[in-house]
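Okay, thanks everyone, let me put this one up on the screen. I'll go through a couple of helix pairs and then the ligand.

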Amino acid sequence: MSINRILIIIGGGIAAYKAPELVRAFKKQGINARCVLTAAAAQFVSPLSIASVSGDKVYENLFDLKDEAEMGHIQLSREADAILVAPATADLIGKMAMGVANDLASTTLLATDKPVFIAPAMNVRMWHHPATQRNLEQLKVDGIRIIGPDEGDMACGEFGLGRMSEVDDIVSQVMHGLNQHETEHAPPALAKNDGVLSGKHVLVTAGPTHEPIDPVRYIANRSSGKQGYAIAAAFAASGASVTLISGPTDLPCPTGVQITRVETACEMLAHVQAALPADIAVMTAAVADWRVETQASQKVKKNADSKAPTLTLVENPDILAWVSQQSGAQRPGLVIGFAAETENVSEYAQAKRIRKGCDWIVANNVSPENGIMGGDHNTVDIFTNDDQDKWPAMSKTEVAQKLVVKVSDYMLKQPQ
Ligand code: C5P
C-alpha cells in the first residue's frame, strides 16, 4: 500500500524530541507528515520546530474554532492515509483503549478508520503495569499495530522496556504494516461448496508462544502468525464460526473471528481445551517445544565475576497431539496440523502426521532462504492418509482460501 500522507500524533513524553527526526525520515520515503501535538507534548518539543520540518501547520487545539472550521478533527484523519502515535504515552494508550475523546489527539484517533500505529514510550514500571498491558491487549484486538518499545537506559535513570523504538525502525514497521494491511483487507474469494461450513465451529491456533525466562526475557521463535490468521479469516468468510487462539503477534483480529490472545504453550493448551468441542481444528501455531523449568521472579542480573546462568528446560504439552487423541464429541471431525521443516520436508511431515494422530498435515519448508517465516507467501504440501497435494508458491491468503475449499470438499463427502 503506497501512502502520501501520514498524520503523526505526538504525545507528551521525553521521546517527543525525536518527532522532527521522524518527520524527516518519512519525508525521505516520499511521505508527507502532518502533526498533532498534545498539550503535554508541546512542553517537550516546540510546535515551531515541528512546523518547520514538516512544512505544514501543527495542530494542537480541538477548540480552536478556526482549525475546526478549516480542518476539523474528522478532516485531519480523513486526509491522512495512516496515523502514527509517537511517542504513545501511557495516558494516550489508556484513552485509546477506553475510547476517551477529550482533546484533538484523542478525538482524531476515535474518528479514524485508517490504519493506526503506536510507538509506546514510558517508564519501565508504567509499561509493565497491568493497566497498561490490559490497554495494549485491547488495542491489539482493535487492530492497532504496536511498534516497540525497546529495552535500554531511560531518561528517568532506570533500565528496561519502555524506550521508544528507533526512528528508522518505526518508519520501516509502518511501511511493512501498511503492506500487510493491504493483503489482509483484500476481499477473500468465496470458497467453492459455499455453505458447507456455515455454522461449523472451527478452532485455529496461530503465532508463536513466548516462554518466559524472567520478567523481561523469553524464549520465542520467528513465527508471525500470518498463515494462521489468514486461515481463520478464510473460514470466517465461508460462514464458519471461528475461534482463534493466538500467541503474541501484532496482527489485528480478522473480521468475524473470536480471538483469545495468550503468551505461553500452557495457556494456549488451556484455551484450546476450553474452546472444544469443534468440528474442525487447524493448528498452525509454532508452539515452543520447551519452557524454562522455573521462571525467575526478578530480572536475572549479569555480574562481572559470575558465570552465565544455566537454563533448565522442560517439555511443553503437545497441543495438536492432545486434540488428536481426544475421543467422541471432544475430538474434532477433522484435525489439521502444520509442519515447519527445514529438510526432508515430506518424509518428516508424514511421520509427524502419524505420530501426532492428526488427519492432515500441511508441510512447509521454512528454510530461511524461502522467506516463509514472517513473509507473505508460502509453498505447501498437504498430506492426508491417502493422498498428497503439492501446491505451487502463493500468498498466505491464497493458501488459506484453497485450504478452506479442500476442507469444504472433504466435509461434503462425510456422512451427515
Ligand atoms: O512438533 P512440531 O512443532 O514440528 O509440530 C507442528 C505441529 O504441531 C503444528 O501444527 C503445531 O501447531 C503443533 N504443535 C502443538 N503443540 C506443540 C508443538 C507443536 O500443537 N507443543
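So, H6 and H9 are oblique to each other, oblique being what's left once you take out under 35 degrees as roughly parallel, over 145 as roughly antiparallel and 65 to 115 as roughly perpendicular. Before I go on: this is a predicted model, where local features need pLDDT of at least 70, side-chain atom pairs count only at pLDDT 80 or more, and totals for chains, interfaces and linings use all residues. Residues are numbered from 1 along each chain as its sequence is written, and side-chain values use heavy atoms, with hydrogens and water left out.

Back to the pair. H6 is residues 90-98, H9 is residues 130-141, and they pack at about 50° with axes 9 Å apart. Ile93, Gly94, Met96 and Ala97 of H6 meet Asn135, Leu136, Gln138 and Leu139 of H9, where contact means heavy atoms within 4.5 Å. By class, that's five nonpolar, three polar and no charged.

Next pair: H1, residues 19-28, packs on H3, residues 47-54, at about 10°, axes 9 Å apart. So these two are roughly parallel. H1 brings Ala19, Pro20, Val23, Arg24 and Lys27, and H3 brings Ile50, Val53 and Ser54. Here we get five nonpolar, one polar and two charged residues.

Now, the ligand. Residues around it include Met283, Phe338 and Asp318, counting any with a heavy atom within 4 Å. Which side chain puts a polar atom 2.3 Å from a ligand oxygen? That's Lys352. Lys356 has a side-chain N or O atom 2.8 Å from a ligand oxygen, and Ala285 uses a backbone N or O atom, at 2.6 Å from one.

Conventions:
Axes fitted to C-alpha atoms, helices over the stretch in contact; angles between N-to-C directions. Helix = DSSP H or I, 4+ residues; strand = E, 2+ residues; numbered from the N terminus. Nonpolar A, V, L, I, M, F, W, Y, C, P; charged D, E, K, R; others polar. Polar contact = N/O pair within 3.5 Å; in protein donor to acceptor, adjacent residues only side chain to side chain.
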